[in-house]
Amino acid sequence: MILAAVPPYDIESRFEPGLSEESRYVWEQTENFRRKGREPISFSWRESLQGEIHDVLRSCSSPGWDGYDAEPIATDSVASAALILNALPDHIIPPSVTPEPDGEIALEWRTGRRTDFSVSISGTTLSYAGIFGGSSKRYGEEPFFGVLPAAIFGILAEYFSQA
Amino acid sequence: MSYLRRFLEFLLSIFLRLDRVPNAVSPDERTTRFIFAEKHFDVALGRVRPAAFLPSTKAGNISIYRTSRCGEWRIWTIGDLFVTRRRPDKVILRARGDVAVHIILHQGLNVAADPHPHPRHALVANWPDDKPQRKIRAMVLAERATLCLCPRA
């Protein structure tokens, strides 16, 4: 289900674009706000996570960023993580973004039922690992060319769909 | 004052190095993985994230400390003096994940004493070359680890 966040009242009706620079600026900002407010929330989490991925690049770009001997997160890893993000289905809960010591970025999911799942990419190979219900484990590698492999899609649909 | 503080820290590090632990690592020992990256633990969920336990490609192992019979002050001071202060970038110690040796051994990994820079230092080795298998082992360690936040961060 896609939810739309809509302002509680129509702001535009309270303003008319006047002639001054300030008036135009206020009107443009108001229009941006109304446009953003009508975007589906499902798009918003992707944008938010794109920002988080870039934050990871900024904070983990030096060797040893983890306090040990981690490889710096490279721009290639950022691009790869963004590709996975764009391939994710809309109906799942948003993942969290985690830098890994080998210089890759992982997208991770967790539910309260001791279920963890992590996906990261190196080149055109997706590595994934998951623990489900505290005991069942699945892990492996799949080729990735922009479309989520069936194995990973199935796991996300089974365990991490939005209610 | 800064000279005095550094001198006191030097004396403290000498005192902490006098720690004696057996070379053989016992399965029921507690071990500690110090965590410096904010995204390697989740405060809201109170858990360590798997990436905190993943080895880098350079080392192929992870550095831990054997902290059985250590009080909170000693553990955090070891992390401060023997990990943080030794780094030129002075990354901030933010948290730690405590996990028992037998949980590490159950994943097919080794825990070996490595008494430099501190007698309680050890290395977790024998990680598989395969990334998914490293991830699943790190995931188990993270799931079984106890997260403690650094009071000085």
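**What the labels rest on**

Asn126(B) sits in the loop of chain B that runs between β7 and α4 (131-144). This is a predicted model.

Q: Why is Asn126(B) called partly exposed?
A: Its relative accessible area is 47%. Buried would need a value under 20% and exposed one over 50%, so a residue in between is partly exposed. Asn126(B) also has a positive phi of about 70°, although it is not a glycine.

Q: What makes Arg69(B) exposed rather than buried?
A: Arg69(B) has a relative accessible area of 79%, and exposed means over 50%, so the label follows. Its place is in the loop between β4 and α2 of chain B. Phi of Arg69(B) is near 60°, a positive value in a residue other than glycine.

Q: Why does Glu100(A) count as buried?
A: Glu100(A) has 1% relative accessibility, and buried means under 20%, so it qualifies. You will find Glu100(A) in the loop between β1 (96-99) and β2 (105-111) of chain A.

Q: Which residues is Glu100(A) in contact with, leaving aside neighbours within four places in sequence?
A: In chain A, Glu100(A) is in contact with Trp65(A), Ile73(A), Ala106(A), Ser118(A) and Ser120(A). From chain B come Ala51(B), Leu54(B), Lys131(B) and Lys135(B).

Q: What makes α2(B) mostly covered?
A: Of its 13 residues, 10 are buried. Among them are Ile75(B), Trp76(B), Leu81(B), Phe82(B) and Val83(B). The cover over the buried residues of α2(B) includes α1 (2-17), β1 (30-35), β4 (62-66), β5 (95-100) and β8 (146-149) of chain B.

Q: How does the span of helix α2 (residues 72-84) of chain B compare with what is expected?
A: From its first C-alpha to its last, the helix reaches 17 Å, close to the 18 Å expected at 1.5 Å a residue. The expected value is 1.5 Å times one less than the number of residues, and this helix has 13 residues.

Q: How do you know that the peptide bond from His116(B) to Pro117(B) is cis?
A: Its omega is near 10°, and the bond is listed as cis. Pro117(B) is in the loop between β6 (110-113) and β7 (121-125) of chain B.

Q: What residues line the largest cavity?
A: Chain A supplies Asp66(A), Tyr68(A) and Pro101(A). From chain B there are Arg33(B), Phe34(B), Ile35(B), Phe36(B), His40(B), Ala51(B), Ala52(B) and Leu54(B). The lining divides into 8 nonpolar, 1 polar and 2 charged residues. The volume of this cavity is about 40 Å³, and the structure holds 1 cavity of 30 Å³ or more.

Q: What is the volume of the largest pocket, and which residues are closest to its centre?
A: The largest pocket has a volume of about 280 Å³. Of the 16 residues that line it, Ser59(A), Cys60(A), Trp65(A), Ala37(B) and Glu38(B) are closest to the centre. Helix α2 (residues 41-59) of chain A gives the most to this lining, with 3 residues. By class, the pocket lining has 8 nonpolar, 3 polar and 5 charged residues.

How values were computed: Residues are numbered from 1 along each chain as its sequence is written. Chains are lettered from A and ligands numbered from 1 in the order in which they are written. This is a predicted model: local features need pLDDT of at least 70, side-chain atom pairs count only at pLDDT 80 or more; totals for chains, interfaces and linings use all residues. Side-chain values use heavy atoms; hydrogens and water are left out. On a 1 Å grid over the protein atoms alone, a cavity is a set of points where a 1.4 Å probe fits but cannot get out, and a pocket is an open set with protein on both sides within 12 Å along at least five of seven lines; lining residues have an atom within 4 Å of a point. Grid points are joined across faces, edges and corners, and a volume is the space filled by probe spheres set on the points. Helices (H or I, at least four residues) and strands (E, at least two) are DSSP runs, numbered from the N terminus. Ala, Val, Leu, Ile, Met, Phe, Trp, Tyr, Cys and Pro count as nonpolar, Asp, Glu, Lys and Arg as charged, and the others, Gly among them, as polar. Buried means under 20% relative accessible area, exposed over 50%, partly exposed in between (1.4 Å probe, protein chains only). Contact means heavy atoms within 4.5 Å.
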